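The sequence and the model are shown first, and a description follows.

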Amino acid sequence: MLADLYERLKNSATPQEAEAIVRQIARRWDRSGSETSDLLMQRARQSLGQRNAALAVEILDRVIALQPGWAEAWHMRGLAFFTLQDDGRALVDFREALRREPNHFMALGMAAAALQRQGDEKNALGAFRALEAIHPQFKGVKDAIERLKPAVDGRDA
């Protein structure tokens, strides 16, 4: 069950242990329940891998039309928008992914990055803290929090 995996992830002791759990979670996220949507998602990932984020957005528009409840589709389209440096649209999609899957730590991490790139350090810090609560072993999250804390919480925080 996904809730059990999130609990194990939260309590993982090492990055290696966390990575094994992340792979299990990702396999669950990747299942849409539709062969057509899964094939389209595969093509969208290929487009992103080939640095064609605009095509990925077009494909993911179709995936979302077919599977509007699939958090991973929203996350991936947000990632494509982020790649295109369209942070506003990326954030909308990351929020939709999180609405459908509140523990989607990848969407949280990308939302934090988009917020930080926009200069919204306060909300970026909040997103990084939420990410750390779900996935404490997430690479770079502790450093990001430590970098943002002085500017947001003050020097004594």
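## Helix 3 and helix 5

Which residues in helix 3 meet helix 5, and which residues in helix 5 do they meet? In this predicted model, Met41, Arg45 and Leu48 represent helix 3 in the contact, and they meet Glu72, Ala73, Met76, Leu79, Ala80 and Thr83 in helix 5. Sorted by class, this contact of helix 3 with helix 5 consists of 6 nonpolar, 1 polar and 2 charged residues.

Helix 3 spans residues 35-49 and helix 5 spans residues 71-83. Their axes come within 11 Å and cross at roughly 20 degrees. Angles under 35 degrees count as roughly parallel, and helix 3 and helix 5 are therefore roughly parallel to each other. The crossing in which helix 3 passes helix 5 is left-handed.

## Helix 5 and helix 6

The axes of helix 5 and helix 6 come within 8 Å, with a crossing angle of roughly 165 degrees. Because an angle over 145 degrees counts as roughly antiparallel, helix 5 is roughly antiparallel to helix 6. The crossing of helix 5 and helix 6 is left-handed.

On the side of helix 5, the contact is made by Ala71, Trp74, His75, Arg77, Gly78, Leu79, Phe81 and Phe82. On the side of helix 6, the residues are Asp87, Arg89, Ala90, Asp93, Phe94, Glu96, Ala97 and Arg100. By class, the contact of helix 5 with helix 6 holds 8 nonpolar, 2 polar and 6 charged residues.

## Aspartate 87

Aspartate 87 lies in helix 6, which covers residues 87-100. Is this aspartate buried or exposed? Aspartate 87 has a relative accessible area of 9%; the cut-off for a buried residue is under 20%, so aspartate 87 is buried.

Leaving aside residues up to four places away in sequence, aspartate 87 touches Phe82, Ala114, Arg117 and Gln118. The side chains of aspartate 87 and arginine 117 are joined by a polar contact of 2.5 Å. Between aspartate 87 and leucine 39 there is a separation of 48 residues in sequence and, from C-alpha to C-alpha, of 26 Å in space.

## Serine 34

Serine 34 is placed in the loop between helix 2, residues 15-29, and helix 3. Its relative accessibility is 15%, and serine 34 therefore counts as buried. What does the side chain of serine 34 reach? The side chain of serine 34 reaches the backbone nitrogen of serine 37, at 3.1 Å.

Methods. Residues numbered from 1 in each chain as written. Predicted model: local features only at pLDDT ≥ 70, side-chain atom pairs only at ≥ 80, totals over all residues. Heavy atoms only, no water. Axes fitted to C-alpha atoms, helices over the stretch in contact; angles between N-to-C directions. Helix = DSSP H or I, 4+ residues; strand = E, 2+ residues; numbered from the N terminus. Parallel < 35°, antiparallel > 145°, perpendicular 65-115°, else oblique. Left-handed = near helix turned anticlockwise from the far one by under 90°. Contact = heavy atoms within 4.5 Å. Nonpolar A, V, L, I, M, F, W, Y, C, P; charged D, E, K, R; others polar. Buried < 20%, exposed > 50% of the residue type's maximum accessible area, 1.4 Å probe, protein only. Polar contact = N/O pair within 3.5 Å; in protein donor to acceptor, adjacent residues only side chain to side chain.
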